[in-house]
Amino acid sequence: MIKKLIYILLAMILIASCKPGRDKDSLDLDDSELIQGDLEVSGEVMQDIIQSVASPVEMAALVKGLGVQFSSKYLAPTDHVDELTTSLQKAYNLGIYGADLGYLNMYNKTANVLEYISAIKTLADGIRVGQFFDFTTLKRLAQNSQNLDSLMYLSVHSFNQMDQYLRDNNRSNLSALMVIGVWVEGLYLATQVAKEAPHPDLAERIGEQKIILEKLILIVQNFAKNKHFKTLLNELNKLNELYSDIEIVIIPGEPEPKEENGMHVFVQNEESVVKITDEQLASIISTTEEVRNKLINL
């Protein structure tokens with residue numbers, strides 16, 4: 001079920017204001033970290049978008065739940081980590097590897113997990129959020145297949161902490177890239193599996209990404225004066241053009257009583273119906289592969 005959209009709130013919270021400048025030398029930042037957006041994106045908006053993006057574990061769980069076997073060919077290569085020089089590249093690929101780590105964890109591929117944990121640690125240190133990535137504990141958990149639940153929890157928790165820290169310290173451009181990296185890689189995984197093992201549930205999940213993509217584009221547009229974000233925007237718009245023809249119908253359900261902050265409230269349940277044709281799905285599959293492979297080298 002697609003989470004309720006809050007476009008009115010989104011418009012209200014995107015406040016046209018410039019942030020105060022920062023001393024590059026005192027903070028030891030590279031130029032890519034000094035990107036200022038035309039609008040200040042509030043924490044509430046970013047949190048809404050982040051919660052809309054399926055976690056790497058959720059997407060991998062869907063794929064595994066359909067009985068699809070693990071395949072290493074879906075994973076992004078880690079042999080170019082040392083070639084990523086800017087903070088933008090590191091943040092984006094941090095998201096890519098985070099999605100791959102979720103996929104590996106779900107299938108309990110401990111031998112591969114260590115490789116991706118190491119790559120993530122390198123990139124996290126590169127943008128100074130490595131303090132939130134407990135490499136030693138994750139490595140220990142990865143070496144014992146009985147620790148799968150703990151490994152998945154700590155992996156997701158570490159990424160949430162890194163994202164929160166970046167947003168709290170006026171580095172929301174890097175936070176956005178990390179989240180988009182997770183989303184693109186998750187969509188790539190889903191579409192590659194759909195190509196080889198089609199299933200209605202998978203097609204529906206892929207179609208649902210239309211709304212999340214629209215939100216991500218709003219954020220990327222804010223930083224589009226930077227050439228890397230402009231490239232990213234161009235690539236996401238290729239997908240957005242394909243998604244524009246997909247129809248998502250929201251069917252209201254019966255209100256459900258719920259207690260919030262000591263008060264009884266009614267929550268409106270709703271069901272989404274995704275209308276996506278085989279031709280539309282095929283186009284999204286091929287374009288996602290093209291976009292994902294290009295953005296790895298952003």
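**Salt bridges and a helix pair**

Modeller: The side chains of Lys294 and Glu235 meet in a salt bridge, with N and O 3.1 Å apart. This is a predicted model, in which local features need pLDDT of at least 70, side-chain atom pairs count only at pLDDT 80 or more, and totals for chains, interfaces and linings use all residues. Residues are numbered from 1 along each chain as its sequence is written, and side-chain values use heavy atoms, with hydrogens and water left out.

Biologist: What is a salt bridge?

Modeller: Side chains of opposite charge can pair when their charged atoms come close. The criterion is a side-chain nitrogen of Lys or Arg within 4 Å of a carboxyl oxygen of Asp or Glu. A search of the whole structure finds 8 salt bridges.

Biologist: Which parts of the chain does the pair Lys294 and Glu235 link?

Modeller: Lys294 lies in helix 12 (residues 278–295) and Glu235 in helix 11, 59 residues apart, so distant parts of the chain are linked. Helices are DSSP runs (H or I, at least four residues), numbered from the N terminus.

Biologist: Is Glu235 buried or exposed?

Modeller: Buried means under 20% relative accessible area, exposed over 50%, and partly exposed in between (1.4 Å probe, protein chains only). Glu235, at 2%, counts as buried, whereas Lys294, at 44%, is partly exposed.

Biologist: Which residues are linked with Glu235 in a network of salt bridges?

Modeller: The network links Glu235, Lys238, Glu290 and Lys294. Within it, the side chains of Glu290 and Lys238 meet at 3.3 Å, N to O. Glu290 lies in helix 12 and Lys238 in helix 11, so this pair ties together parts 52 residues apart in sequence. Glu290 is partly exposed at 44%, as is Lys238 at 32%.

Biologist: How is the crossing of helix 10 and helix 11 read?

Modeller: Axes are lines fitted to C-alpha atoms over the stretch in contact, and angles run from 0 to 180 degrees between N-to-C directions. The axes of helix 10 (residues 200–222) and helix 11 (residues 227–243) come within 10 Å and cross at roughly 150°. The two helices are therefore roughly antiparallel (an angle over 145 degrees).

Biologist: Which residue forms a salt bridge with Glu208?

Modeller: Glu208 pairs with Arg205, the closest N and O atoms being 3.6 Å apart. The two are 3 residues apart in helix 10, so about one helical turn separates them.

Terms used. Parallel < 35°, antiparallel > 145°, perpendicular 65-115°, else oblique.
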